[in-house]
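Here are some short notes to read alongside the structure. Please keep it open and find each residue as it is named.

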There are 2 protein chains.
Amino acid sequence: MPHIPSHFEHSVQFFIQLAVILVTCRLVGMVARRFGQPQVVGEMIAGVALGPSLFGLLAPSWQQALFPKIMMVGETAVPHPLMTVIYCTAQIGLAMYMFLVGLEFRTDLLVQRARSAASVSLAGILAPFVLGCLVAWGFHENPALFKAEVKLHEDMLFLGAAMSITAFPMLARIIYERGLTGTSLGTLALAAGSIDDALAWCVLAIVLASFGGSWAIAVVAIGGGTVYAIVTMTLGRRMLAPLGAWTERDNDLPPRRLAVVLVLLMLAAWYTDKIGIYAVFGAFILGLAMPRGLFADLLQRKMEPLVTNFLLPMFFVYSGLNTQVTLIDTPMLWAVAILILGAACAGKGVACYLAARLNGEPNQDALAVGALMNARGLMELIILNIGRERGIVTPTLFAIMVIMAIVTTLIATPLFEFVYGRHARRTGRVGSVATQ
Amino acid sequence: MPHIPSHFEHSVQFFIQLAVILVTCRLVGMVARRFGQPQVVGEMIAGVALGPSLFGLLAPSWQQALFPKIMMVGETAVPHPLMTVIYCTAQIGLAMYMFLVGLEFRTDLLVQRARSAASVSLAGILAPFVLGCLVAWGFHENPALFKAEVKLHEDMLFLGAAMSITAFPMLARIIYERGLTGTSLGTLALAAGSIDDALAWCVLAIVLASFGGSWAIAVVAIGGGTVYAIVTMTLGRRMLAPLGAWTERDNDLPPRRLAVVLVLLMLAAWYTDKIGIYAVFGAFILGLAMPRGLFADLLQRKMEPLVTNFLLPMFFVYSGLNTQVTLIDTPMLWAVAILILGAACAGKGVACYLAARLNGEPNQDALAVGALMNARGLMELIILNIGRERGIVTPTLFAIMVIMAIVTTLIATPLFEFVYGRHARRTGRVGSVATQ
C-alpha cells in the first residue's frame with residue numbers, strides 16, 4: 001500500500017509554497033520597481049524563476065521537493081494534488097482579476113476617438129496576426145516547435161492570435177496612474193488596446209473551437225460565447241442595475257451583495273469554461289456589465305487586495321513551473337526566439353506607431369502608444385497556458401513565447417518613460433506602476 | 001490507462017462547487033437571520049446540508065457527482081484532488097480568519113475585570129472539561145463512539161477540551177455590535193471568553209502532543225508552541241511595530257506591506273502546523289502581535305471581505321461533507337447525543353451563570369454571559385475536525401458533537417436577546433449579528 005499524503009499534509013506544504021511564492025514575487029518585484037518596471041514584470045520573472053528554468057537548474061531536488069508535479073500511486077503517475085490546488089486557486093484569482101479589469105473598463109472612451117483607435121487597433125492586430133501566421137507557416141515542420149498532429153491552419157491561427165495580444169490591464173493602469181485618462185494619448189491607447197484584446201480573444205475562441213475537432217464544438221463555443229456576451233450586456237446589465245442603486249442608497253456594500261456578485265462570477269466562469277471559451281472571458285464580460293459608481297468602487301476595494309496580492313501570483317507561478325527555458329538549447333532555436341521577438345515588436349509596436357502617425361497623431365504620442373500596445377504582460381501568459389493545456393504549443397515554443405512576453409513587457413515602461421516621461425514627470429504624476 | 005482528469009477539468013468543477021457552496025451558505029444564512037440568528041449558524045447548517053446528512057440523502061448520486069470524495073487510479077482509491085483543493089483553501093481561509101480575530105482582540109479588557117473573569121472562565125472550562133471527561137470515561141468501550149486503539153486518557157482529554165470551547169469570535173462580535181464593549185457585561189464576557197478559548201487550545205495542544213505517541217513529539221509541540229507564542233508576542237511584536245508607524249505616516253497600507261503580512265501569516269501557519277499545534281493557533285497569535293490603530297483597521301478592511309465571504313465558507317462545507325448525521329441511528333446513540341448536549345450546556349452555560357452570580361453580578365448579566373459562553377460556533381468545528389483527522393473521534397461521535405455545536409450556537413442569540421434584548425433594544429443598538 002503506497003503512502004498517500006493526507007489533506008492535512010498537503011495543506012502544510014501549501015502554506016510553505018505560498019510563503020515562497022509571495023516572497024519571490026515581492027523580492028523580484030522590488031528589484032523590478034527599482035528599475036522603474038511595473039509589478040507584473042517582477043511577477044512574470046518570479047514565476048519563471050521558481051520553475052525548472054532557474055530554481056530547478058540550481059537545486060533540482062529542492063525544486064521538486066517544494067513544487068512536486070507528479071505523485072506516484074502504485075505504478076501510476078498522477079498529477080500532484082498540490083498542482084491542482086495551485087492551478088484551481090490561480091484560476092479563481094485570474095477570474096476575479098479579469099472581473100475587476102472589466103469593472104474598471106470605460107466603454108465611453110471607445111466612442112470618443114473612434115477613427116484613430118480603429119486604425120491603430122486594426123494595425124495592431126492585423127500586422128502581428130499576419131506575422132504570427134507566417135512564422136507558424138515557416139516552422140510548421142519543426143517538431144521542437146509544433147506538434148505533428150496539429151493542423152497547419154490551427155498553428156497559424158493560434159500563433160497569430162498569441163502575437164496580437166496586448167497587456168490591456170497594464171496599459172490601462174499606466175494611463176490611469178500617469179493621469180493621462182482624459183488626454184488625447186490616453187483615450188487613444190485605451191480604446192485601441194481594448195479593441196485589440198477583445199478581437200484577439202475572439203480569434204482565440206475560434207481557434208479553440210476549431211481545435212475541438214468537430215464543428216459542433218465550435219458552434220457551442222462561438223454561439224454560446226456570443227449569446228453569453230449579448231445577454232450579459234443587455235438583460236444582465238439591466239438586472240444588475242439595482243445592485244448599484246441599492247449601494248448608493250445604503251452608502252455601503254453589505255456582505256450579502258458581495259456574495260451575490262461572487263456567485264454570479266463563479267457561474268460565469270464555470271459556464272464560459274464549460275463551453276470552451278475560458279473563464280477569463282466570462283469574468284471580464286460580467287465585470288463590464290456591472291453597475292458603476294460607488295458599487296464598483298466598493299467592490300474593487302473589497303476584492304482587489306487579496307486578488308492581486310495573494311491569488312494572482314499563483315497564476316504566474318503555475319505558468320512559470322511549466323516554462324522550461326533550457327529547452328531553447330540550439331542556436332537555431334535561439335534564432336527562432338529572436339525572430340519571434342522581432343516579429344512581435346514589428347507587428348505590434350511599430351505597426352501601431354505607424355498607424356497613429358498616419359492618422360496625424362504627434363510623434364511623441366504615436367511612440368508612446370506603440371510602446372504601450374507592444375507589452376504582452378499577463379494576457380499573453382493566459383493565452384499561452386491555454387494553448388499549452390490544449391496541446392497546441394510544444395514546451396519549447398511555449399518557453400520562446402514566454403520570453404517574448406517578458407521582453408515586450410520589460411521594454412514598454414522605459415520606452416514610454418523615455419518618450420513621455422518628461423511631460424508626465426513635470427506634472428508630478430509619475431508614480432510606481434504596480435499592476436499586471 | 002485510466003482517465004485522470006486534467007487540472008483544467010478540475011478547475012471547471014471547482015467553479016461550480018464554489019457557486020453551490022456560496023449560494024447555499026447565503027440562502028441558509030438568510031433564513032437564519034430571519035430568525036435573528038448570526039450568519040455562522042446558517043453556514044454551519046449549510047455545510048452539513050451539502051454533505052451526506054441532507055443532500056447526500058436526497059440525491060446521493062448528484063451529491064457524489066458534485067463533491068466526489070475519492071478518485072480511482074487503476075485499482076487504488078485516492079482522495080479526490082478537489083477535496084484537497086477545498087481543504088487547502090479552507091485552511092487558508094481559517095488561518096486568515098483567526099489572524100483577523102487576533103487582530104481585533106483587545107488584551108487590555110482582560111485586566112479590567114480580572115476577578116469575575118477569572119472565576120467565570122475557570123468555571124466555564126473546569127465544569128465542561130470534567131463533564132466531557134466523564135462522558136468519555138462512561139462510553140469509552142462503545143465502538144461506535146470511541147476507537148479501540150485510542151487510549152482512555154486521550155479520549156477523556158480530547159472530549160474535555162472539545163466541551164470547553166467557546167465561540168469567542170462570535171461572542172466578541174455580538175458584544176461589539178450591541179455596543180456593549182465598554183460595559184460591565186461586555187468586558188466580563190470578552191475577558192472570560194478569551195481566557196477559556198486560550199486554555200482550551202492549550203489543552204488541545206497537550207492532547208494532540210500526547211496523541212503523537214512519543215513524548216518527543218509532545219515536547220516539540222508544547223515547547224515549540226510556547227517559544228513561538230513568547231517570541232511572537234515580545235520580539236515579534238517589537239519588530240512589527242514599524243509597520244504600524246509607517247502606515248500612520250503614509251496614511252495608507254501599500255501592497256508591499258500587505259504582502260509582508262501575508263508572508264508572515266503563511267510562515268506562522270506552516271510552522272505551527274508543522275510542530276503539531278495547528279495553523280489556527282499560529283495565525284491567532286500573529287494577529288495578536290500586530291500593531292493596532294490604522295494599520296489593523298486597513299488590514300481588516302482589505303482582508304475581511306474575501307476571507308469571510310469566500311474562503312471561510314469552504315471550511316464549513318469541508319466539515320459538513322464529513323458530517324454524517326445518519327450514523328446516529330439507534331435510540332441509544334440519540335440518548336448519548338442528548339446527554340452530551342445537556343452536559344455541554346450544564347458545564348458551560350449553567351456553570352458560567354453560577355460563577356457570575358457568585359461573584360455578585362446581576363442576574364440579567366450572569367444569564368447573558370452564560371448564554372454567550374455556551375455557544376460553540378466555528379471554534380468547535382475546528383477542534384472536531386482536528387480530532388477527526390487525527391483519528392481520535394469516530395464519525396458517529398463527530399456527528400453528535402457537530403449537532404451539539406450547532407444547537408448551542410443556535411440557542412445563544414435568542415437567549416441573549418431574551419435576557420438582554422429589551423435593554424439593548426431600548427438604546428437602539430440591536431443590529432444583525434453577522435459573524436462566525
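**Notes on the predicted model**

1. The largest nonpolar core has 323 residues, and among these Leu265(A), Val369(A), Leu265(B) and Val369(B) touch the most other members. A nonpolar core here is a set of buried Ala, Val, Leu, Ile, Met, Phe, Trp, Tyr and Cys residues joined through C-beta atoms within 7 Å. Buried means that 20 or more other C-beta atoms lie within 10 Å of the residue's own, exposed means 12 or fewer, and partly exposed is in between, with C-beta atoms placed from the backbone.

2. This is a predicted model: local features need pLDDT of at least 70, side-chain atom pairs count only at pLDDT 80 or more, and totals for chains, interfaces and linings use all residues. Residues are numbered from 1 along each chain as its sequence is written, and chains are lettered from A and ligands numbered from 1 in the order in which they are written.

3. Leaving out residues up to four places away in sequence, Leu265(A) touches Ala95(A), Met96(A), Phe99(A), Ala283(A) and Leu286(A). Contact means that the C-beta atoms of two residues, placed from the backbone, lie within 7 Å.

4. Leu311(B) is in helix H14 of chain B; helices (H or I, at least four residues) and strands (E, at least two) are DSSP runs, numbered from the N terminus. Leu311(B) is buried because 22 other C-beta atoms lie within 10 Å. Thr89(B) is 222 residues from Leu311(B) in sequence, yet 6.4 Å from it in space, C-alpha to C-alpha.

5. How are the two copies related? A rotation of 180° with 0.0 Å of shift along its axis superposes chain B on chain A, with an RMSD of 0.0 Å. The copies are therefore related as by a two-fold rotation axis. The superposition is by least squares on the C-alpha atoms of residues with pLDDT of at least 70 in both.

6. Between the chains, 50 residues of chain B are in contact with 50 residues of chain A. On the side of chain B that touches chain A, H1(B) gives the most, with 13 residues. By class, that side has 33 nonpolar, 11 polar and 6 charged residues. Ala, Val, Leu, Ile, Met, Phe, Trp, Tyr, Cys and Pro count as nonpolar, Asp, Glu, Lys and Arg as charged, and the others, Gly among them, as polar. Of the interface residues of chain B, 100% are also interface residues in chain A, so the copies meet through the same surface.
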